[in-house]
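Me: I have a model open and would like to learn how to read it. Could you walk me through it, one feature at a time?

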Amino acid sequence: MSNGNSGDSRLTKNERREAAREKARIQRDEQKKKDRRTKWVLQGSVGLALVAIVAVIALVLVNSNQPAGPGPRNFASDGIQLNQGFIATPAEAHASDAEPTPNVRDEESGVLDIQMYVDYLCPICGAFEQTNAEYIESLVENGAATLEIHPITILDRLAQGQRYSSRAANAVACVADTSPNDFYSYHNLLLSEGIQPEENTTGLSNVDLIELLDIAGVENTDAIAECIDDETFKTWVKNSTARALTEDIPNSDVGPVTGTPTVLVNGVKYEGAVNDLASFQAFVIQVAGDNFNENSTPTPTPTPEP
């Protein structure tokens, strides 16, 4: 009896070949199953990726096709025009990406047109306001001038990530939209000494901005507070600033705003010191001409019938 090995050694050549074929067939079947599983996984992954891509594209298209965010009422020129008694010129709201409609200056009336572009974090804006506000107020109160204020935002980078310039511009836009005749008192308060925050600080919080509404005597504070918290006019603030920085200033020969404050009287830019009242007064008189009367008699306000 032979002492040969058991197993394959007992198989004939043909049997070993057949066993090898069967083993190869099993291996091929297993590989095919593995390949099918891999294919299914890849197809599933690709499918999920395609779904995600389609969702992103759809979101982009939806957002791009959505109407632009709202702009505030009474800001059709990207600024609010205040007349005698600080009564705002009424204007319907425009979409935030709509081109502004400049106010028309009546050159025959003898009334001065004062335009101001301000950033509420700008210390030079604060200095100009604190130096010249009383004089400008007297001109507007006497009917000698109209005042058009354009809030823009160029100093967010100096607010420690809290975007104070933008939030403050939104806040004054909220006031203009809901209580326009209270705009100036709020604007003036934000630039007053002791209230205006310094650069390289977080600025005033939204809570602070809301609390100042009462101090300024603003009406409809509940609606305005919600507008401030929601940053309702955030897109308008961004777009109107971009327009101010890239487009010529209306009713003037002055190009885009390059810094704040930018102050114009009858379309002529003031280049004097911001903290020199006498310099600004002299500039106003020079621009206005010989017939200018700083003490124009106010137009009587009609008394409503009972």
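**Reading the core, a strand and a helix pair**

Reply: Happy to. Let's start inside: the largest nonpolar core holds 59 residues, and Tyr-120, Tyr-186 and Phe-280 have the most contacts within it. Helix 3 (residues 164-178) contributes the most to this core, with nine residues. Apart from it there is another core, of seven residues, including Tyr-117, Ala-244, Val-254 and Val-257. Do keep in mind that this is a predicted model.

Me: Which residues is Tyr-120 in contact with, leaving aside its neighbours within four places in sequence?

Reply: Among them are Ile-149, Pro-151, Phe-183, His-187, Leu-190, Leu-191 and Gln-196. Tyr-120 also touches Tyr-164, Ala-168, Ala-169 and Val-172.

Me: Which strands does strand 5 pair with?

Reply: Strand 3 (residues 112-118) runs antiparallel to strand 5, and four bridges join them. Here Ile-114 has Val-265 as its bridge partner. Strand 6 (residues 268-269) is also antiparallel to strand 5, joined by two bridges, with Leu-264 opposite Lys-269. Strands 5 and 6 make a hairpin with two residues between them, and in the turn Asn-266 has a positive phi of about 50°.

Me: How do helix 3 and helix 5 pack?

Reply: Look at the angle and the distance between the axes. For helix 3 and helix 5 (residues 206-215), the angle is about 30° and the axes are 11 Å apart. Angles under 35 degrees count as roughly parallel, and therefore helix 3 and helix 5 are roughly parallel to each other. Their crossing is right-handed. On the helix 3 side, Tyr-164, Arg-167, Ala-168, Ala-171 and Val-175 meet Asn-206, Leu-209 and Leu-213 of helix 5.

Me: And what does the secondary structure of the whole protein come to?

Reply: The protein has eight helices and six strands. Starting at the N terminus, the order of elements is α-β-β-β-α-β-α-α-α-α-α-β-β-α. Of the 306 residues, 37% are buried. Among contacts with a separation of 6 or more, 73% are between residues 24 or more positions apart.

Notes. Residues numbered from 1 in each chain as written. Predicted model: local features only at pLDDT ≥ 70, side-chain atom pairs only at ≥ 80, totals over all residues. Heavy atoms only, no water. Core = buried A, V, L, I, M, F, W, Y, C linked by side-chain atoms within 4.5 Å. Buried < 20%, exposed > 50% of the residue type's maximum accessible area, 1.4 Å probe, protein only. Contact = heavy atoms within 4.5 Å. Pairing = 2+ DSSP bridges. Axes fitted to C-alpha atoms, helices over the stretch in contact; angles between N-to-C directions. Parallel < 35°, antiparallel > 145°, perpendicular 65-115°, else oblique. Left-handed = near helix turned anticlockwise from the far one by under 90°.
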